[in-house]
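Reader: I am new to reading protein models. Could you take me through this one slowly, giving the general idea before the particular case?

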Amino acid sequence: MKRLPILVCFVFGLVWEGPLSAQTPPVYLIRQGDPNGIPKWYHGRQIAQVMGHQGAGWLERPEREVEEQPNKLIRSLRLKGDEVVADIGAGSGYYTFRFATKVPKGKVLAVEIQQEMLDLLSQRKQATGIKNVELVLGTEKDPAMGDSRVDLILMVDVYHEFNFPFEMIESMVKSLKPGGRIAFVEFRLEDPQVPIKLVHKMTEKQLRKEMLDHPRLAHDETIETLPWQHIIVFKKKGAPDQKGISSPR
Ligand SMILES: C[S@@+](CC[C@H](N)C(=O)[O-])C[C@H]1O[C@@H](n2cnc3c(N)ncnc32)[C@H](O)[C@@H]1O
């Protein structure tokens, strides 16, 4: 059975990157495609290029207030105020600092792989005096957040550009507390009116297909209140009891 994929790849000029065991995804295909993406595919989706730190100014464009309605996004996630929130791929901190003010008794971990972005985040932290933001240098495979400490993981316009999406999500699942959530905010590929490059958009169906590789995650809700973006929320299975000890669900 395991030989068939190798044969298919050989015939179509594709290369598997990763083990073939059914227990150990991922299976990435190496193949050219849209020039805005990298030559690597996951579950039929071409992975987008990482947005360089040179584009940090674009992340702060005032149009985002109208196009993305950050306050509506924050309200949709119904924070209590004492959570640990992780903003993975925080960029210049457009969402990081907005979330930090909503969790005054908690904190926001701002995770980045580009040191230049972390430098911007650090400057902004100093300039605003907002103290409950912790900066974390991650890697392409690991956001380096430690185990079972995060209530909510937020990824705004980020997941589609992970070079190793499977490894990133596996690591995030470990970092979540039982019952913790992961919220993906991705531009709707279903809507041709959304003026974003194709490899930087995702369908809900595609995202849910990719999350099937992570059996400890269950789809919780999809919130369609933003003009251009899906908010797709997954929960880590298992809920804390009143003493904070997790029990399988
Ligand atoms: C399009 S920007 C979005 C920034 C921010 N979320 C926002 O909406 O303003 C994507 C960011 O994700 C970061 N990124 C890409 N892959 C990453 C990874 N594996 N871990 C952490 N950050 C990553 C990039 O460095 C880039 O700053």
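**Around the ligand and into the core**

Author: This is a predicted model, and we can begin with the ligand, which is surrounded by 23 residues, the closest being Met 51, Gly 89, Gly 91, Tyr 94 and Val 156.

Reader: How does the shell around the ligand divide into nonpolar, polar and charged residues?

Author: Of the residues in that shell, 15 are nonpolar, while 4 are polar and 4 are charged.

Reader: Taking Gly 91, where does this residue lie, and is Gly 91 buried or exposed?

Author: Gly 91 sits in the loop between S5 and H5, and Gly 91 counts as buried because 24 other C-beta atoms lie within 10 Å, where 20 or more are needed. Leaving aside neighbours within four places in sequence, the contacts of Gly 91 are Ala 56, Leu 59 and Met 117. Val 158 is 67 residues away from Gly 91 along the chain, yet their C-alpha atoms are separated by 9.3 Å.

Reader: Which residues have the most contacts inside the largest nonpolar core?

Author: In soluble globular proteins, nonpolar side chains tend to be buried together. Here the largest nonpolar core has 46 residues, and Ala 86, Ile 153, Leu 154, Met 155 and Phe 184 have the most contacts inside it. Among the elements that each supply at least two residues of this core are strand S5 (84-88), helix H6 (115-128) and strand S9 (176-188), although S8 gives the most, with 6 residues.

Reader: What does Phe 184 touch, beyond residues up to four places away in sequence?

Author: With those left out, Phe 184 touches Met 155, Tyr 159, Leu 207 and Ile 232. A second, separate core of 6 residues includes Tyr 28, Leu 29, Tyr 42 and Ala 48.

Conventions. Residues numbered from 1 in each chain as written. Predicted model: local features only at pLDDT ≥ 70, side-chain atom pairs only at ≥ 80, totals over all residues. Core = buried A, V, L, I, M, F, W, Y, C linked by C-beta atoms within 7 Å. Buried ≥ 20, exposed ≤ 12 C-beta atoms within 10 Å, placed from the backbone. Helix = DSSP H or I, 4+ residues; strand = E, 2+ residues; numbered from the N terminus. Contact = placed C-beta atoms within 7 Å. Near = placed C-beta within 6 Å. Nonpolar A, V, L, I, M, F, W, Y, C, P; charged D, E, K, R; others polar.
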